[in-house]
Each structure stands twice: as C-alpha cells, then as structure tokens.
Amino acid sequence: VGLPADVLDGLALAVGEEHVRTAPGELAVYGRDATPLFQHRPDAVVFPASAAEVAAVLRLATAHGVPVVPRGAGSNLCAATVPLAGGIVLVLTRMKRILEISADELLARVEPGVTNAELGDAVAAHGLLYAPDPGSRVTATVGGNVATCAGGLRGLKYGVTRNYVLGTEAVLPTGEIIHTGGRLWKDVAGYDLTRLLTGSEGTLAVLTELTLALLPAPAASRTGVAYFPTLADAGRAVTGVIAAGVVPATLEFLDQRCVAAVEEYANLGLRLDAGALLLYGDDGDPELVGRNLERMADACVAAGAIEVTTARDVAESEALLTARRCSLPALSRLGALTILEDATVPRPRIAEMVDRIDEIAARHDVTIATFGHAGDGNLHPTCVLPSSEDTDGVHRAERALADVFAAALDLGGTITGEHGVGAAKLPYLQDRLGADQMALLRRVKAAFDPAGILNPGKLGS
Amino acid sequence: VNDRVGVDRAATARAGSVFDPALLGRCISCGYCLPACPTYRLTGDEASSPRGRITLMRALETGDLPADDPTLTEQASFCLGCRACEPVCPAGVQYGQLLEQWRVHQWRGVRRPILARALTLAVRWRWPLRLFGLVRRAARGGPGPTPTASLLLGCFERGLFPGVSRAARALLPGLAAPTDQGCCGALHAHNGDLEGGRRLARELGQRLPGTIVTTSGGCAAHLADTLGRGRVRELSELLDPARLGGVRVDGRRARVTLQDSCHLRNGLGVWREPRAALAAVADYVELPGAGDCCGAAGTYAMLRPRDAAKVLAPKLDAIEAAGVDFVVTVNPGCLRQLRTGLRRRRSSVRAVHLAELLAARPPGADDGGTAATAAEADS
C-alpha cells in the first residue's frame, strides 16, 4: 500500500518535502469533499506552488501510472475531488495570487486557489463585478469554479462560469504547459479548448492560471420577497415575470421546509406559514431596477402571491441572498444526511417538475426539500435523512433521486445543471448523453490523458 | 477526588465514546467554515480547518485513526478554539463543544501539556486566588446583604489586571464582589478537563448571588454554557451608553477601536454592545477583522507562542493602520496579548480593557487629559 519510495522522493524533489504529506490523518481529511457518502483515502497529498511544479508532479504520475486528483477547497457536491482510485490529491490552495485586475480591459488574471469571494471583493474595489456567484463562493476557489463550470444565483441574466473564462494556463497530464484563449473577446483560432477545459472536472488538465472577464459593477441592486401557497404557484409566477419582459438578476425559490431551515439559521423574520418563497431581484440603473421590481411584484401578485415585500436597503438584500446561499447546509438542521441534486428543466416546466418531485418523494417515502434557481430552471431537490447509518433510508433516497433524474430528462432537462458529474452522477450520464457521446468523451479524455491518470473514475471514464 | 475520576474516565475513553454523536453528526462538510478559520488561513491545509478537524474527530470516533495519531494530536492542539467557525455555520455545528470533548481525549492524563496542567492546577483552589486579589487590590466586598448581581473577579484577571474589576465596580456600583469566589473553570474546559471546568462553574454559580457579571468573554461563554445564558451578563450588556462620559486625549476626543473577544462574539453573540459603549465616549473606528482571533486564545499564546505570534502579526498591523489612540479589549487574555505585542513594536497605540477606558472618565466629565494614566497604572 502507498506510493513507491522513488515516487515519493520525486514528489519531494518537485515541490519540496514539506509540501508532500503522507500522514494517515492528512490522508483522511483529503479523502472526502462536500459530497456525502463518497470517501476514499489518497496515498499522498501534494501542494504545488507553480505551473512548473504541477508539471513535474504530473510527469512523474504519468510515468508511474499514479492517479492525480486536482483539488481547490473541496466544496463540490458531485464527489469530483474524492480520490476513488487513491493516488495523489493535488491541492492548489497555495497558488492563490490575484495577478492582475485590468479595469481598461475588463479582465482579471488569477491563480486557481483564490476564492470566488476574494476575487469578488478585489474587483469590487475597482468598481467591477465578477458575475458567477455559486452558493459556496466564500469557500470555493475560482479554479474549482472553472473546473466545474459553477453556476450560481445570477445564471439567468449573467450566465455561468463558462461565459466569463477568456483564457487558461493548463498543465497536461503529460507535463506540457498550454495557454488556451487569452485576453481577447474574439478569438476563433482553433478548437475552443478554453470551453472544453471549463467544466472538465479535473479530468483533462490541471488549471494553473485563469483569465476572467469582468463587468462594470451595477449602480443599484434591489431584492424582494414573495410568498405563495405552493411551490407550483411560485413556478407560475416565474413564467409571469419573464412574460412581463424582465430578465431578473435574481429569481430563487425555496419550499416551506427550506424557508424554515434558513430562518432558523439566519433569523430574518421570514414567514413560515407559506408553501413557497420566491426571492426576486434586479441590478443596474436605479430607475430601471425600481421599475423591474414593481413589474416582478405585480407578476407575483397575479400568480396568487400571499404577500410581496421589498428589501429596505442593500444590507437587507444581502442578508436575503446570503441566507439563500446557505439553504443546503441549513437544511441539515432537519437531518444529518442531506443528499442534494440539481436536476434542471426548461423554465416553463418548473411547476410540472415540482409536482413530479412531490409525487416521487411520496412514492419512495422520503423527505425531499426543494429550493433552486427558478430563473434558469435549475432545481435543488434535497433528500433529508436522519443519518448515513439509515441504510434503508439511503437506498430509498437513491431510488427516489434516480426517478428525479428520469423525470427531468423526460421534461427535456438534464441530470445536473451546475454541480457537475463527478463520481456521483456518472451512472446517469449515459441517460443524458447517449452511447455515442459517451464514447466520444472517452476519446477526448484519452487524447489529453493517454495514461488515464487525471481523476480516474469520473468524467470521461 | 472528583478530578481524579474525571481524568480516569478520560484515560479509559476508547473509540466510539469520545464525542456526543448528535454534535458530531451535525456537520455536512459543506466547507463554508474554511475561510473563517485562522489556522486554515495560515496553512491552506484542510487538516487545519474546522471541517478537516471534524473529519479527524470522526476518524477517531470510528477507529479509522488510532487514538494517538500524530495528526490528531497536532490538530487538537493547533486549533485556537476561537469558534469563528460557529456563527458562519449554516448547519449549526457546535464546534467549541466538540473541541472540548476532543481535548478531554487528546490531552488525557499525562498527555496534557505540562504548562496547561500547571495553570489549571494553579487556579483550582479559592484561597490563593483570594490572596492574589487582595495583594493586587482587585475589587472586593459588596453593596449590601442581598445583591442582585455579582462581579466575576476572574482567576488570572484578578492578579494581572486588578484595575479591571475596580473599574467595573466604578461603572456599576451595585455589583457585589465577594473575594471568595474561585475560578469559573473555562481554563479547565478548554484544556482537556471538561468535567473539572463544569464543576468549577457550578460551584461558582452557587457561591455568587444573582446575575454573574463578567469582564472576560471567555469566562462569560463558559459560564453561560454551564449555568445557562440567563445567569450571565458581560459588562457591556448592562451599560447605558447615554450615561457614559467622554474620553479625551490631548484635548480632543479619543479615537478608539475594539478587538472582539472570540468567545463573547462567537459563543454569546455579544459584539454590538461594547461598540455602542465605545461610540458613546469616543470616536469609534471599526478594526478590519475585529472578530478574528488575536492569537491569545486562553492558554494558546503560552502553549504555542510561535503560532500565536503568526496570528497576532496581521492583527497588530491592522491596529496600527487604524490610526487610533486605544485598542479596547473585553477579555484579559486579549489584553495581555495585544499589550505585549504593541509594546514590543514600540507602538503608540495603547491596549486597554473596556471597563478601564470607560471608568477613567466618570459620567458627566468633559475635561481634557488622557485616560491612559488610569488605564495602564496596574500593568
């Protein structure tokens, strides 16, 4: 068991002895990420400080056939960073410099270990915005965001991570350092490898530097809350909002269980008797934002809202958004095991999907709390169980979630909107892509990674 | 005798009996705590993050790691115990309690650091503390036969900073200050003797009549954990900012900032009150990262001085950059840590306790001069 002595020596030579860890306790903590039910110890944990060091590690791994799993903060929800085949966990948190923020070119160059929130704060100081804002933004690294093509609360109006990656520096498993894309908004020279690497979940290359597009920070931002009798009613309100000609920055919903859990954590005075809450908001020119908020409130009332209120100030808006980002962890107050999915359907079919989830939960006798990004049809049905030792419950939850995926595909949706495939959703991937695309994915993977060392057992396997 | 039972029980603890399973089961490993953790910020290493430490605790509990695994030993000790991970945890994990249970196991018997043993032993008996307080002229006595609130004199605070209890009494003359009150046991609870710490808190609760008023965030949080929040008030919770006088330096209003006490802020949620009091008497400046640990962390600065210094350095930079006359603390450990650090740098900023700063200018006074003379007279 463990890596051969010459590999360990080589790793120490590549990154320095103190940046190679093999103590059992260190291996234990890097054997999991934020995904429940997936755990496997690596044989070594390595902390490189540069692309050259990453290249040295990868050359060594390819030569010896040692698996390598790149990792940022380990906040992903699809077991993308669990080293299922052992080997090396390559932690990129030492590479956390913000190399450049250019207000003229509206871009930033960063190392992968900087967190989304750190980048957000740094560009905000220049009056700029980095739009992608996954729920885990305070913890998650930008490298991890790009590797999983993270979404977030602003998806409908602003898009997701892939819309903001202009270029990458990446190290191939065979040790070559490549630069894809760059500082240009227009550049069609060659296949779009930047987009291919975005969302490749550490299976094709290791990202060591990112060039990201920024926007001028919006002048104003406002948020409102509407309560509905049922989640399906909230779904209809979403259709109404879009029909009113608004593309809102924020359109999030929570069912009654989620509202209760979030309220217990955040104490915002949310109403607990309604079946669903819709958080809506917009940003931009103050007058336009005001008008859009009115139109959205009207659409909510028309869809049967019980109550509609607007946040008084920025602090209150921020508190509401922060609370929404904490929905998943807050749900663990209902049960210690929360299995979260992110089945996604075309927006007009949200209400239908919500009804199906209710029916599936009842049929399998499991508790499913649902929240999500109503604007882009990205739902987060979450199975809540008392503990992972409830094996019967876990089996029922797994069967229920398999039905949820099938229902999403049936409605023209997908098995994952923003969390990724990782190990958790690999069994369902062929249902979404079909056999031909699966085979193509494997050929793409082999072209990048002939020895198959990068994150084996995940995408492309 | 009770203590020996506590130690023996801990020594026989095996895998599967170290932690309260309900507390340990609460964490879902989302990782939202990572950026709040001072030791994770220092290392970028999952093992020194709250989530990583809970993974380690689970490995200890299930037997996946042996009881004396070096990473377990190191991380149980490297953690500051500041509980900054608690308010940011949406799942409501009570990390502070888990750490206390962890240290009971990790620091069982002879494994407890010698210095921690010496310190907890030193404050176990009431009479030396009493003597210490008398010699150092800490506050004493009471207003009448049936006081409704008592001042906690503290164990180390009584001897190191006796001016704090005198200042507290000057601010709240109705407080009783019985000298025979002992130590609250926070020191013990944080250093591997949870049973002993709880027992001392219960005894103190019986000995002190009425509400227990503290000038130490660490004691306040421990007493509230054991006796219930209703019995405990931190000084600033009882002050009426409108009745406080101004503090002036060189003929102008003093500029002050606050360093939070970790346990007061993260454990009891008290952070607005001291700010309100300061804003009433001086020009208040919010210290960037005021809620981040200063590295004192109870016995930590003594047990791991190098790590404590690494945590302290950016704090001192921030204090010096704030352009203030005083940095105010609400806990004796923080006061000692900041005062020592600032003096070593020959900084012009002075570290004082909240009670001392407020009491140096009695209500209604508006004359010039500095508060520093009274505030630093005891140190």
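Colleague: Why is Asp342(A) called buried rather than exposed?

Modeller: Buried means under 20% relative accessible area, exposed means over 50%, and partly exposed is in between, with a 1.4 Å probe and protein chains only. Asp342(A) has 0% relative accessibility, so it counts as buried. This is a predicted model, where local features need pLDDT of at least 70 and side-chain atom pairs count only at pLDDT 80 or more, while totals for chains, interfaces and linings use all residues; side-chain values use heavy atoms, with hydrogens and water left out. Residues are numbered from 1 along each chain as its sequence is written, and chains are lettered from A and ligands numbered from 1 in the order in which they are written.

Colleague: Where in chain A does Asp342(A) lie, and what does it touch?

Modeller: Asp342(A) sits in the loop between β16 (337-340) and α13 (350-364) of chain A; helices (H or I, at least four residues) and strands (E, at least two) are DSSP runs, numbered from the N terminus. Contact means heavy atoms within 4.5 Å, and leaving out residues up to four places away in sequence, Asp342(A) touches several residues, including Asn378(A), His380(A), Glu418(A) and Lys425(A).

Colleague: What makes the Asp342(A) and Lys425(A) pair a polar contact?

Modeller: A polar contact is a pair of N or O atoms within 3.5 Å; within protein, one must be able to donate a hydrogen and the other to accept it, and residues adjacent in sequence count only if both atoms are side-chain atoms. The side chains of Asp342(A) and Lys425(A) make theirs at 3.3 Å.

Colleague: On to chain B. Why is Arg252(B) called partly exposed?

Modeller: Arg252(B) has 36% relative accessibility, so it gets the in-between label. Arg252(B) belongs to strand β5 (residues 252-253) of chain B. Aside from neighbours within four places in sequence, Arg252(B) is in contact with Val247(B) and Asp325(B).

Colleague: And why is β6(B) said to be largely enclosed?

Modeller: Because 4 of the 5 residues of that strand (residues 255-259) are buried. Across chain B, buried residues make up 58% of the 379 residues.

Colleague: How do you know which strands β6(B) pairs with?

Modeller: Two strands pair if DSSP finds at least two bridges between them. β6(B) has 3 bridges to β7 (residues 283-285) of chain B, running parallel, and Val256(B) has Tyr284(B) as its bridge partner there. β6(B) also runs parallel to β8 (residues 326-329) of chain B, joined by 4 bridges, with Thr257(B) opposite Val327(B).

Colleague: Now the interface. What makes Glu46(B) and Arg71(A) a salt bridge?

Modeller: A salt bridge needs a side-chain nitrogen of Lys or Arg within 4 Å of a carboxyl oxygen of Asp or Glu. Glu46(B) and Arg71(A) meet at 3.0 Å, N to O. The rule finds 2 salt bridges across the interface of chain B and chain A.

Colleague: How much area is buried between chain B and chain A?

Modeller: The size of an interface is often given as the accessible area lost when the parts come together. Buried area is the accessible area (1.4 Å probe) that two parts lose on being put together, summed over both. Here that comes to about 2300 Å², with carbon and sulfur atoms giving 53%. In chain B, Ile28(B), Tyr32(B) and Pro90(B) lose the most area to chain A, together 27% of what that side buries.
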